[in-house]
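Morning, everyone. Please have the sequence and the viewer open. I'll go through a few local features and then the whole chain.

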Amino acid sequence: SGSKAALAKSHLVQDAKLVLKDREAFNLLSSRLRPSFQSQEHQENYFFDGSNNELHSQGAHLRVRIAGGICTAVVKEHQGISDGSSIYWGRQVELTHTVFDEMLRSPSTFLDINSPVAQALKTKFNISNLHLIGSFTNTRSVFDWSSARSQKGLYIHLDHTVFPFGDRFEVEVPNIEVPLSDVIGELSEALNNLGIESYAGTDSKFNVLCSGL
């Protein structure tokens, strides 16, 4: 079928996001966080929409990501970023690399596979054809934020994203269960204490990609 339905899931995600001023700030934070380093992964991200931009017009997008040898497709709906907080509904499924390769050659073939993501595109968004919007790569370093007071078990994601038109550096804290403002405030305070300039993320990586194309 090309998808692994057992891994399909739909859930609400809450993340905190701050954008770093420049590469110098990124390098400084990387150095300070090094003792808490957990892992690093390289991501390839590809974005698709219907021939009439059905997803974009409804505040959604289809992303296919390859990371760690695993390929996943996710429909993100109603993503809003304000004052460094991100909330969205996500419906995700794992794909085989064969399906992904075929999708790059002919995007609409994705609609023929048996998966809840493809089904949602057809029934909820009335999409009959897909096309590739654009892509970017991202290198994500993960650090343990064991000193966080606002919530236990948090991790810091340090992202270096390469767009066709330039680089962007961000700090994200995923899987937040407490008020987002608590985490954003603590994260901002920590960066300020390190002398690292940042500002609240007001756009998703997808929106940054679209604005630069």
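One definition to begin with. A residue counts as exposed when its relative accessible area is over 50%, as buried when that value is under 20%, and as partly exposed in between. And a reminder: this is a predicted model.

Now go to asparagine 126. Its relative accessible area is 58%, so it is exposed. Where does asparagine 126 sit? In the loop between helix H4, residues 116-123, and strand E6, residues 130-144. Look at the backbone there. Phi of asparagine 126 is near 55°, a positive value, and this is not a glycine. For context, most residues other than glycine have a negative phi.

There is another asparagine to look at. Phi of asparagine 53 is near 55°, again positive in a residue other than glycine. Asparagine 53 also belongs to a loop, the one that runs between strand E2, 37-50, and helix H2, 54-57. Buried, exposed or partly exposed, then, for asparagine 53? Its relative accessible area is 38%, so asparagine 53 is partly exposed.

Next, a strand residue. Threonine 72 is part of strand E4, which spans residues 70-82. With a relative accessible area of 16%, threonine 72 is buried, because the cut-off is under 20%.

On to a helix. H3 covers residues 97-105, and Val99, Phe100 and Met103 are buried in it. Why do these three share a side of H3? Because they cover an arc of only 100° around the axis. Turn to the other side of H3, and you find Thr98 and Arg105 exposed.

Now zoom out. The chain has six helices and nine strands. It is 213 residues long, and 48% of them count as buried. Accessible surface comes to about 10200 Å² for the chain. Carbon and sulfur atoms account for 47% of that surface.

Last item, contacts. Take those between residues at least 6 apart in sequence. How many of them join residues at least 24 apart? The figure is 66%.

Asparagine 53 is partly exposed, and asparagine 126 is exposed. That's my part. Over to you.

Definitions and conventions: Residues numbered from 1 in each chain as written. Predicted model: local features only at pLDDT ≥ 70, side-chain atom pairs only at ≥ 80, totals over all residues. Heavy atoms only, no water. Buried < 20%, exposed > 50% of the residue type's maximum accessible area, 1.4 Å probe, protein only. Helix = DSSP H or I, 4+ residues; strand = E, 2+ residues; numbered from the N terminus. Arc of directions from axis to C-beta. Contact = heavy atoms within 4.5 Å. Areas by Shrake-Rupley, 256 points an atom, 1.4 Å probe, with all protein chains shown as cover.
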